Structures are given as structure tokens and as C-alpha cells.
Amino acid sequence: MTEDLYPTRGTTEVVTARRDPVVWGPLDPELEAFERDGFLPVEELLTDEEVAVYRAELDRLVADPAVRADERSIVEPRSQAVRSVFEVHRISDVFAKLVRDERVVGMARRILGSDVYVHQSRINVKPGFGASGFYWHSDFETWHAEDGLPRMRTVSVSIALTRNHDTNGALMIMPGSHRTFLGCAGETPKDNYKKSLQMQDAGTPSDEALTRLADAHGIRLFTGRAGSATWFDCNAMHGSGDNITPYARSNVFIVFNSVENAAVEPFAAPVRRPEFIGARDFTPVR
């Protein structure tokens, strides 16, 4: 049985100092900033021409009735508009190509110091006039508890396909929070993913813990042009607000995990989440 280095979902909240490296490969000035802050913004990952291609593919997928009817699509509870489509690198050749792009997978290998596979991919659609945000959370807390990722050897990239304003529900991260693991209180309900993908409940930090982290680290808001990106550590505390502006905020989100950190059984959940949310195919990206 794999040792549980990061206990969570117990009767009380538990704070554990990070027991893993942040950068597993050789350090350089760029990765030193990532190691310090837990994130790395990139002003221009994609060109305008590339953005247009990926935006068109996002629009095609969201408009496809077959995609909407698939369990991989998550809809807004109020408007019933498509909010997210998971496993896009498997259902779209266009996004599969993006995953294999050396600007993308190459950075993941640099950070994680090994070959990598896709633990999760999705497109997020945050249309204007009421799209809901996502409450503060650490992705690793969920991936450890419900997917069985043993160590903090996972990195995410959020690539903007529309301009990220400071008013349309942009990503917020607490710099340096990735060095503290917050084990949340409360058991994981069976099939929790059906609710948590629309609104976080299990795995939600307390107000007191979030206040301590925010006081200690502050909050960074990420804005930028379409084609910009943010790399962030799996344990960075992050969230986003509602989008009540007229301006959509859409992005593609890819999670790379080290092949040396393959998922085991969940550490704090009665069953695994479906593979379109937490992959069990550990084939390296080539």
C-alpha cells in the first residue's frame, strides 16, 4: 500500500508542509521563479493565428449536440450552457496536437523532470452575463483524495483563448501557497465528481485557513491577451470569480503528471473518478 503523505478529508482540517520538490528537473532562472511562486505566466504562448484555430475548435465542440450529450460535458446549473468539456485531447485532433506541442509538453517535462502523461484536459467556457466561478481550492487535494496521485509531481497550464480581463472571472492564485498542503475536513461522498465539477463542496478549505494563506501570501490576478498562459503547481491555492461582464473568458486547461507518479487507488474517496477526469492511461506524451 502506498504511504499517504498528505492526509485529507478527515474529521478536522490538517496542515502539512510540502514533502516534495516543486521543480524536479534542473533549475534555471525561469524555473526558479516557478519554484518560488508556484506559478509562471507566459505573455505569448500562442500566436494570434494559432488562437483563432483553437477558438474555432472550442466553438465547434461546444456547439456539437453529440458533445453536449456526452458525460464529458459539464453544463451551468442555471443557464444550462456548456461550462467545460473534458478529455479534449482524445475527442479533438486539434487539441491533441496542442498537447504534443513542444512549447507545452516540453515545459511540463522540464518542471517534472521526467516523461509525462495527461492526467486531465478540458476546455473551459465562461460566457458573459452570469457564468459561475470556482471556489478556492488546491487541485492536488482533489487529485490525491479522489484520483490517487501519490506525490506533488503534477503541473497544469491554462492557455487563454479569449482576453483575460480583471473583471471577467480571471484566475487568482496565492503565490507561495503551494508549499503548504491543506487537508480539508469532511468525507468524500460517492460520485462526488457529479457535483464538484459544477460547484466545489468536498475538499473546500475553511474561511479561517484561506484567510491565513491570503494574509501570508497575498493574491495574484492573471490577466492578458488571448494566447497567454499560466503554468501553476498542482498544490497552488487558486480560484476564480463569476463572470457578470459581457466578455467571455475561455481557455484550454491541460494537466501533466509524471509517469513516475502514476495514480494508485484514491486516498480519501470510496471510488475512483471516471477516467475522463482522472486518467488511468499513463502512456507518455510523444
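Student: What volume does the largest pocket have?

Tutor: The structure is a predicted model. Among the 17 residues lining its largest pocket, those closest to the centre are Phe 222, Thr 223, Ser 228, Ala 229 and Thr 230. The volume of this largest pocket is about 240 Å³.

Student: Which strands each supply at least two residues of the lining of the largest pocket?

Tutor: By class, that lining has seven nonpolar, six polar and four charged residues. The strands that each give at least two residues to the lining are E2 (39-42), E7 (154-160), E10 (220-221) and E11 (229-233).

Student: Is the aromatic pair of Phe 39 and Phe 222 stacked or edge-to-face?

Tutor: A pair of aromatic rings is described by the distance of the centres and the angle of the planes. For Phe 39 and Phe 222 the centres are 5.0 Å apart and the planes make an angle of 85°. Planes over 60 degrees apart count as edge-to-face, so the pair of Phe 39 and Phe 222, at 85°, is edge-to-face.

Student: How many residues apart are Phe 39 and Phe 222?

Tutor: Phe 39 lies in strand E2, while Phe 222 sits in the loop between E10 and E11. Both residues are buried. The pair links distant parts of the chain, and the separation is 183 residues.

Student: How many aromatic pairs are found in the whole structure?

Tutor: Ring pairs also join Tyr 6, Phe 140 and Phe 181 into a cluster. A search of the whole structure gives a count of nine.

Student: Which element gives the largest share of the lining of the second largest pocket?

Tutor: The second largest pocket holds about 190 Å³ of space. Its lining includes His 89, Arg 90, Tyr 117, Asp 281 and Arg 286. Helix H4 (88-91), helix H5 (93-100) and strand E5 (116-126) each provide at least two lining residues. The largest share, three residues, comes from H5.

Student: How many charged residues are in the lining of the second largest pocket?

Tutor: Arg 90, Arg 100, Asp 281 and Arg 286 are among the residues of this lining, and Asp and Arg count as charged. The lining also has six nonpolar and two polar residues. The number of charged residues is four.

Student: Is His 119 buried or exposed?

Tutor: His 119 is found in strand E5. Leaving aside neighbours within four places in sequence, His 119 is in contact with residues including Trp 143, Asp 147, Val 255 and Ile 277. Its relative accessible area is 1%, and under 20% counts as buried. Therefore His 119 is buried.

Conventions:
Residues numbered from 1 in each chain as written. Predicted model: local features only at pLDDT ≥ 70, side-chain atom pairs only at ≥ 80, totals over all residues. Heavy atoms only, no water. 1 Å grid on protein atoms, 1.4 Å probe; cavity = no way out; pocket = protein on both sides within 12 Å on 5 of 7 lines; lining within 4 Å. Points joined across faces, edges and corners; volume = space filled by probe spheres on them. Helix = DSSP H or I, 4+ residues; strand = E, 2+ residues; numbered from the N terminus. Buried < 20%, exposed > 50% of the residue type's maximum accessible area, 1.4 Å probe, protein only. Contact = heavy atoms within 4.5 Å. Phe/Tyr/Trp six-rings, centres within 6.5 Å; stacked < 30°, edge-to-face > 60°.
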